[in-house]
Amino acid sequence: MRNISFCFQIHAPYRLKRYRFFDIGQDHYYYDDMQTEDQISWLAQNSYMPLLCTLRDMVSMSQGKFRCGLAVSGLTLDLCQQFAPEVIDVMKELAQTKSIEFIGVPYAHSLASEYDRDEFIAQMKQTAALIEDLFGQKISTCWNSELLYSEEIADALHTLGIKAAMTEGAKHLLSWKSPNYLYQSASQKTVKLLLRNSQLSDELSFHFADPAWHNYPMDAEKYANQLAAIEGESPIVNIWVGIETFGIRQNAGTGIFDFLKALPYYVMEREMGFMTPSEAAKKLTPADVIPSPYPTTWCGEGKDLSPFNGNDLQQEALN
């Protein structure tokens with residue numbers, strides 16, 4: 001049976017204030033608290049709450065058969081507790097359904113895993129403690145910042161007891177293989193690998209309301225047909241998107257929330273089901289080993305770190 005694994009990534013940073021040359025050495029507070037509050041409130045109203053309430057309806061209407069993951073940074077959870085507690089309340093409702101899995105994300109959504117192993121481990125533990133405190137779940141799966149993954153990161157995840165890593169189904173990683181299977185790390189056999197189906201994920205993120213796109217207009221039945229038509233056994237199809245897809249990049253007027261709410265019906269009608277990422281890692285058998293000696297992300301053409309460390313200024317800031 002083919003299963004669909006949806007996961008939604010949520011991260012919003014602190015906003016930085018305008019910092020002038022003459023502030024150097026004089027003012028050591030770098031944050032714009034008012035802008036941060038405004039941004040979180042705006043995101044909660046336009047994206048977070050509409051999506052979370054839609055997911056709640058999907059779980060209810062499918063009698064718990066719809067299942068998905070939420071990858072929320074610890075920093076965003078803290079900001080929502082402070083400025084948009086209604087978001088936390090709905091997340092708690094979702095956690096109680098047992099159909100939503102909270103995924104481990106570095107607390108500050110940083111690139112620490114590439115530059116400071118100890119900091120990465122500390123941030124993962126910090127997020128894990130917050131998730132357990134708020135939602136009563138222990139994390140077993142990692143969505144690293146920007147889906148960053150390498151063998152070194154797999155080693156750190158093994159140290160943390162993480163059972164599965166999520167990363168991009170990049171061509172240089174897969175070669176001729178399909179992203180629609182479970183794999184395992186080359187260096188840590190206990191760490192399973194889940195790979196994002198870039199084509200079907202990006203169709204929602206970037207092309208849903210694009211009249212120039214060959215599948216426009218997209219609807220739930222058409223999308224379910226695409227999922228069912230994937231060649232081969234393909235036991236798991238990972239559809240992972242940033243939450244800004246819903247309500248911001250694709251605003252409510254495009255019908256994106258109605259599309260999502262209708263999707264479980266058409267998926268199950270075609271005898272497909274849903275799994276959370278940890279369920280896929282636990283229930284499926286790895287098809288092969290995937291070596292990743294170099295960092296892979298979901299960004300840019302190269303699916304690597306170049307958007308973040310591609311120039312001298314970025315490298316200096318990271319160091």
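What share of the accessible surface of the protein chain belongs to carbon and sulfur atoms?

**View 1. Surface and charges of the predicted protein chain.** Of an accessible surface of about 14,900 Å², 49% belongs to carbon and sulfur atoms, the areas coming from the Shrake-Rupley method with a 1.4 Å probe. The mean positions of the 26 positive and 40 negative charges lie 6 Å apart, where Lys and Arg count as positive and Asp and Glu as negative, with His and the chain ends not counted, and where a charge is placed at NZ of Lys, CZ of Arg, CG of Asp or CD of Glu. This is a predicted model, in which local features need pLDDT of at least 70 and side-chain atom pairs count only at pLDDT 80 or more, whereas totals for chains, interfaces and linings use all residues. Residues are numbered from 1 along each chain as its sequence is written, and side-chain values use heavy atoms, with hydrogens and water left out.

**View 2. Extent of the C-alpha trace.** Along its principal axes, the C-alpha trace of the protein chain spans about 65 × 45 × 45 Å. Of the 319 residues, 52% count as buried, that is, under 20% relative accessible area with a 1.4 Å probe and protein chains only.

View 3. Ser5 is placed in strand 1, residues 3-10, strands being DSSP runs of E with at least two residues, numbered from the N terminus. Because its relative accessibility is 0%, Ser5 counts as buried. Beyond its neighbours within four places in sequence, Ser5 has contacts (heavy atoms within 4.5 Å) with residues including Ile236, Trp240, Met275 and Pro277.

Definitions and conventions
Buried means under 20% relative accessible area, exposed over 50%, partly exposed in between (1.4 Å probe, protein chains only). Helices (H or I, at least four residues) and strands (E, at least two) are DSSP runs, numbered from the N terminus.
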